[in-house]
Amino acid sequence: RESGAYTDCYFTTLRSTVSHADFVASFFTSAVFRLERLILTTMARPSADTEAQQLARAERAHFAAWRVKARTDSQLLLADFSGRARSWLMTEVCMGEDGPFTHPYFGSAVVPTGHPGNGKATLD
């Protein structure tokens, strides 16, 4: 945010253990995200649920409008075809008094570009 980027981050608590691959696959194959993938088909190439599952298993570096920027066992950072929009997914498995639980996180960022007139960061 200090550089002028838009950022957000959301998480929830699941009262079970969920692998990172299962979270990523579920996220990109959810009904809401299928709608976004359909909309993105007009600007990028079509995508299938099987490709989302391959992305989740680290068998693919491109998916719909995104490419993998970085990956660990519990995190995935994607950049869109313009390089300005980023998506981040992370899972954190924890142990509570009632047993294990998982925090799945989703965050996004829109990275500013330099304004052609003055070079200042802008989201235009």
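**Pocket and core of a predicted model**

User: What classes of residue make up the lining of the largest pocket?
Analyst: This is a predicted model. The lining of the largest pocket includes two polar and three charged residues. The nonpolar class has 13 residues.

User: What is the volume of the largest pocket, and which residues lie closest to its centre?
Analyst: The largest pocket has a volume of about 210 Å³. Its lining holds 18 residues. The closest to the centre are Glu-36, Trp-66, Asp-80, Ala-85 and Ser-87.

User: Which element gives the most to the lining of the largest pocket?
Analyst: Elements that give two or more residues to this lining are α1 (20-29), α2 (31-40), β5 (85-96) and β6 (99-110). With four residues, the top contributor is β6.

User: How many helices and strands does the chain have, and in what order do they run?
Analyst: From the N terminus, the order is β-α-α-α-β-β-β-β-β-β-β. The total is three helices and eight strands.

User: Which residues of the largest nonpolar core touch the most other members?
Analyst: In soluble globular proteins, nonpolar side chains tend to be buried together. Here the largest nonpolar core has 19 residues. Those that touch the most other members are Val-24, Phe-27, Phe-28, Leu-55, Phe-63, Trp-66 and Leu-89.

User: Which element gives the most residues to this core?
Analyst: α1, α2, α3 (49-56) and β4 (75-80) each supply at least two core residues. The leading share is five residues, and it comes from α1.

User: Why is α1 described as largely enclosed by the rest of the structure?
Analyst: Buried here means under 20% relative accessible area. The buried residues of α1 are His-20, Phe-23, Val-24, Ala-25, Phe-27, Phe-28 and Thr-29. They pack against α2, α3, β2 (62-63), β4, β5 and β6. α1 is largely enclosed because its buried residues number seven of 10.

User: Which residues does Phe-63 touch, leaving out those up to four places away in sequence?
Analyst: Phe-63 is among the core residues that touch the most other members. Setting aside residues up to four places away in sequence, Phe-63 touches Phe-28, Arg-37, Ser-47, Ala-48, Glu-51, Ala-52 and Leu-55.

User: What share of the accessible surface belongs to carbon and sulfur atoms?
Analyst: Of the 124 residues in the chain, 35% count as buried. The accessible surface comes to about 7700 Å². The carbon and sulfur share of that surface is 55%.

Conventions
Residues numbered from 1 in each chain as written. Predicted model: local features only at pLDDT ≥ 70, side-chain atom pairs only at ≥ 80, totals over all residues. Heavy atoms only, no water. Buried < 20%, exposed > 50% of the residue type's maximum accessible area, 1.4 Å probe, protein only. Areas by Shrake-Rupley, 256 points an atom, 1.4 Å probe, with all protein chains shown as cover. 1 Å grid on protein atoms, 1.4 Å probe; cavity = no way out; pocket = protein on both sides within 12 Å on 5 of 7 lines; lining within 4 Å. Points joined across faces, edges and corners; volume = space filled by probe spheres on them. Nonpolar A, V, L, I, M, F, W, Y, C, P; charged D, E, K, R; others polar. Core = buried A, V, L, I, M, F, W, Y, C linked by side-chain atoms within 4.5 Å. Contact = heavy atoms within 4.5 Å.
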